[in-house]
Amino acid sequence: MQMRELGTSGLKVTAIGLGCMGMSYGYGPAADKKEMISVIHAAIDRGVTFFDTAEIYGPFINEELVGEALAPFKDKVVLATKFGIRMVDGKQVQDSRPQCIRQSVEGSLKRLGVEAIDLYYQHRVDPKVPIEEVAGVVKDLIQEGKVKHWGLSEAGVKTIRRAHTVHPLTAVQSEYSLWWRRPEEELLPVLEELGIGFVPFSPLGKGYLTGKVSADTAFDENDTRRILPRFTAEAIQANQALIRVLQQVSEPRNVSLAQVALAWLLARKPWIVPIPGTRKLHRLEENLGAAQVELTPEDLLAINSATSRITLTGDRYPEELERRTGL
């Protein structure tokens, strides 16, 4: 597996990581724990060193799963987790007060079974707590040896600049794929300027870019895609033009749509590290195989040209969830 450095931080990880959220949260009922541990171990066997979780996934059960699965490999992997969202009366609430950050880090350290968290993200920007205050707390945690690197998730460029001034950010995590390209407008240029790595989540458009989602797909009642505007039957059908673009590149090469979508991301910048998630071994192998797919300049030009002419139907999130992104 190829290695990449997240920005100029010195933190090196595999070119493709593993997002573990979906194993126990967000896409229906939690999967069988033993089966998910076997998938994580299969990723280790195939060279993956970068694993992503968060305390809110479950809450807590995903960190427990990842901690147990990676216990024998602690010194060989990079563990990323997140703070800043807690459950209140059944709803997610942003909370990055200093005392809550300190409570979160202690809980995550225990569940993950490590002495220090390799990469600690603020999960969503808390509008009630200045980002300088958040950065100061994390800086203290780094000095105390409880955190090695830190990052932000779904933060805007103004927040990123302010946070980076207090203590350098190693990575920013946000959604990015051919399905959601807004990071290209402001985020990517700022990350390159500041030497910050980029970790795209949902690099396969929450499964849409695999070509396996159709207007007839029935989502479990606990699957978050049920509430997403782009996953109505009408939007799924309307956005098939994007699938056809991927097919035009994948079919002559005898590779999958997912591999083309991931290879496109990897070709954007050398400091981009996508973290596709899966519960299935064959999907894991497929996703990791994308690192071996080399798209030519002509391929990239064709993809970018064709997708620039497509206006996708449906918002990424409902308005309430989209408002949680930072400025």
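A salt bridge, as the term is used in this talk, is a side-chain nitrogen of Lys or Arg within 4 Å of a carboxyl oxygen of Asp or Glu. The model before you is predicted, so local features need pLDDT of at least 70 and side-chain atom pairs count only at pLDDT 80 or more, whereas totals for chains, interfaces and linings use all residues. Residues are numbered from 1 along each chain as its sequence is written, and side-chain values use heavy atoms, with hydrogens and water left out.

A search of the whole structure returns 23 salt bridges. I shall discuss some of them.

In one of these, E184 pairs with R268, with 3.1 Å between the closest N and O atoms. This pair connects distant parts of the chain, 84 residues apart: E184 sits in the loop between β10 (171-175) and α6 (187-194), and R268 in helix α9 (residues 257-268). Helices (H or I, at least four residues) and strands (E, at least two) are DSSP runs, numbered from the N terminus.

Next, K146 and E106 form a salt bridge, their closest N and O atoms lying 2.5 Å apart. K146 belongs to the loop between α4 (131-143) and β9 (147-153) and E106 to helix α3 (residues 98-112), so the pair ties together parts 40 residues apart in sequence.

D95 is buried at 7% relative accessibility, while R86 is partly exposed at 36%. Here buried means under 20% relative accessible area, exposed over 50%, and partly exposed in between, with a 1.4 Å probe and protein chains only.
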